[in-house]
Amino acid sequence: MAQACTGIRLTAEDGTVVYARTLEFNIDLDSNVIMVPRGYARRASTPEGQNGLKWSSRYASIGANGMGLPFLFDGVNEKGLAAGTFYFPTTAGYMSYKAGDASRTIAPWEVGSWILENFATVEEVKQNIGNVEVAAVVFKQWGFVPPAHYVVHDASGKSIVIEYVDGNLHVYDNVIGVLTNSPAFDWHMSNLRNYVNFSLSNAPPVEVGGIRLTGFGQGTGMLGMPGDFTPPSRFVRAVAYSAGVLPSKTGEEAVLQAFHILNNFDIPKGSSRGEPDTVHGNIMADHTIWTSASDLKARRFYFRTYENSQIRSLDLMKMPLDAKTLTSISMKGPEVIKSLNP
């Protein structure tokens, strides 16, 4: 979960679907890549404790966690289903909890893993998401209930957004494959109408009072495109960039294209601060902790971090899918700058 994440989807000419996203926060989430094997036993959380929904993973999955948790904040499973958890402040409103519903209740940070470990397609998720209760459970490491919503993509290119607002579940078909943060997804889709003048091509010259006006250079079709870090502005830009790029031939090319697009959403430390922006003398500034991409055809998870921009990958299908325990791979490590001097 993160405060300023941006998610996109690309489809290559060979049919490969690639889902990619950034994850931002103002503190280090201590993320690692983890692989959850088949048959892994789970017990979800409720406001009362770890007495919630029980399940065993049907499908193996791989992705990034946070705060040392055995749950994925973002990842892909062996069937090519991907799921991401995004911050949803001021808008999320989970279901009312009743003790009698404990056996089908899960916490907000457990939803992504529940989806990846139980389902193979977006349609299956749509049919089953209403069978669980997502309750307002306090995240002990932070001391509050994390507001979250979710995006799910499958290998066929279908996508949905899952949100809980005012205690009610909302599931939206996500035709454009984009997600950021608050407000609700349907608001963002309506807001796109404010940019009906957007064009990938340069604006033509215009005549004003007998004077011919032309643009100063390339990109005049995007004049007025919002450039700040707010969720509505990032949503609009993410739609423009992901819909406008030339199609990639293969999944590997689409992965690289996705990282290029998300370069535009990378937040350096200090440029996006909250109020107050210091705690105990430390500047609290959202920054892009990591960026990831999932190839839903090859079942590969790619990532880079704030400290190391080298893209690294793990092939889920080469992992021990029937292992008895979680597999953890560190995301840590500094940037390696290669000298070309002889």
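Biologist: How many bridges join S8 to S11, and in which sense do the two strands run?

Modeller: Strands of a sheet pair through backbone hydrogen bonds, in either a parallel or an antiparallel sense. In this predicted model, S8 and S11 run antiparallel and are joined by 6 bridges, with Phe-86 standing opposite His-149 in S11.

Biologist: Where does this pair sit in the sheet, and what is the order of the strands?

Modeller: The sheet is open and has 8 strands in the order S13-S12-S11-S8-S7-S6-S3-S21, with antiparallel pairing. Its edges are strand S13 (168-173) and strand S21 (327-330), each of which pairs on one side only, and neighbouring strands are turned by 15 degrees against each other on average, direction ignored.

Biologist: Are the residues on the faces of S11 buried or exposed?

Modeller: Both faces are covered, since Ala-148, Tyr-150 and Val-152 on one side are buried, as are His-149, Val-151 and His-153 on the other; in total, 6 of the 6 residues of S11 are buried.

Biologist: Which helix lies across S11, and how does this helix run relative to S8?

Modeller: Helix H1 (residues 111-118) lies across several strands, including S11 (148-153), S7 and S8, and runs at about 170 degrees to S8.

Terms used
Residues numbered from 1 in each chain as written. Predicted model: local features only at pLDDT ≥ 70, side-chain atom pairs only at ≥ 80, totals over all residues. Heavy atoms only, no water. Pairing = 2+ DSSP bridges. Helix = DSSP H or I, 4+ residues; strand = E, 2+ residues; numbered from the N terminus. Axes fitted to C-alpha atoms, helices over the stretch in contact; angles between N-to-C directions. Contact = heavy atoms within 4.5 Å. Buried < 20%, exposed > 50% of the residue type's maximum accessible area, 1.4 Å probe, protein only.
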